[in-house]
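Reader: I am new to this structure. Please show it to me, and then let me ask about it piece by piece.

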Amino acid sequence: MWTYRRILRISWKEKTTNKEVLKTMNLNSTKLLRSIKKKKLSYFGHTKRHESLQKLALEGKVDSSRGRGRRRKSWTTNIAEMTNMRVNAAARAAMERDGWRSMASNLFKEKEPS
């Protein structure tokens, strides 16, 4: 998004929303974001159904000292926000492959303009 702001020479001090920037550039990035979110959810379901190194890496906690500043959003937090479920409920739902796939594909369908 910042590349569009640089092209349009919009200062970071200006209070311009991302939607306004996209409208000025005549772009629609929601299709790309929907695609990314759908793939992220399908990968979450895949990793939850299989016992693998990926599952251990996604669920594992690294012991170290806490870093400075605001905490980064975790991958599981993003999943919880996208599905409007708790992570445990989403993990249980992901165990049923067909139901999870249909939910992931229907969650981000394009809404018709009214």
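Reader: Which helix has the lowest mean pLDDT among the elements of the protein, and which the highest?
Author: This is a predicted model, and pLDDT is the predictor's confidence in each residue, from 0 to 100. Where pLDDT is low, the predicted coordinates should not be read in detail. Among the elements, the lowest mean, 77, belongs to helix α4 (residues 53-59), and the highest, 90, to helix α6 (residues 87-94).

Reader: What pLDDT does the protein average?
Author: Take the share of residues first. Of the residues, 92% score at least 70. The average pLDDT of the protein is 83.

Reader: Which residues form the positive surface patch?
Author: Lys and Arg count as positive. Two elements, α3 (30-49) and α7 (97-107), each give two or more residues to the positive patch. The patch is formed by Lys38, Lys39, Arg97, Arg101 and Lys109.

Reader: Is Arg101 buried, partly exposed or exposed?
Author: Arg101 is found in helix α7. Its side of the story is one number: a relative accessible area of 48%. Exposed would need over 50%, and buried under 20%. Arg101 is therefore partly exposed.

Reader: Which residues make the nonpolar surface patch?
Author: At 46% relative accessibility, Leu33 counts as partly exposed. A patch residue needs over 30% relative accessible area, so Leu33 passes that cut-off. The patch covers about 290 Å² and is made by Leu32, Leu33 and Ile36.

Reader: What is the phi of Arg9?
Author: Most residues other than glycine have a negative phi. Arg9 is not a glycine, yet its phi is positive. Arg9 is found in the loop between α1 (2-7) and α2 (18-25), and at 76% relative accessibility it counts as exposed. The phi of Arg9 is about 55°.

Reader: Where is Asn84, which has a positive phi although it is not a glycine?
Author: The phi of Asn84 is about 55°. Asn84 counts as exposed, at 70% relative accessibility. Its place is in the loop between α5 (75-83) and α6.

Reader: How many salt bridges are there?
Author: Side chains of opposite charge can pair when their charged atoms come close. The rule asks for a side-chain nitrogen of Lys or Arg within 4 Å of a carboxyl oxygen of Asp or Glu. Glu81 and Lys73 meet in this way, at 3.0 Å from N to O. The count comes to 1 salt bridge.

Reader: Which is exposed and which is partly exposed, Glu81 or Lys73?
Author: The cut-off for exposed is over 50% relative accessible area. Glu81 has 44%, so it counts as partly exposed. Lys73, at 56%, is the exposed one: Lys73.

Reader: How far apart in space are Thr30 and Asn78, C-alpha to C-alpha?
Author: Thr30 is found in helix α3. At 38% relative accessibility, Thr30 counts as partly exposed. In sequence, Thr30 and Asn78 are 48 residues apart. In space, they are apart by 17 Å.

Reader: How far apart in space are Arg6 and Lys48, C-alpha to C-alpha?
Author: Arg6 is found in helix α1. With a relative accessible area of 63%, Arg6 is exposed. Arg6 and Lys48 are 42 residues apart in sequence. Their C-alpha separation in space is 40 Å.

Reader: How far apart in space are Gly67 and Phe108, C-alpha to C-alpha?
Author: Gly67 lies in the loop between α4 and α5. It is partly exposed, with a relative accessible area of 47%. Gly67 and Phe108 are 41 residues apart in sequence. In space, C-alpha to C-alpha, the value is 34 Å.

Conventions: Residues numbered from 1 in each chain as written. Predicted model: local features only at pLDDT ≥ 70, side-chain atom pairs only at ≥ 80, totals over all residues. Heavy atoms only, no water. Patch = residues over 30% accessible without salt bridge, like charges linked within 9 Å, V, L, I, M, F, W, Y side chains within 5 Å. Areas by Shrake-Rupley, 256 points an atom, 1.4 Å probe, with all protein chains shown as cover. Charge placed at Lys NZ, Arg CZ, Asp CG, Glu CD. Helix = DSSP H or I, 4+ residues; strand = E, 2+ residues; numbered from the N terminus. Buried < 20%, exposed > 50% of the residue type's maximum accessible area, 1.4 Å probe, protein only.
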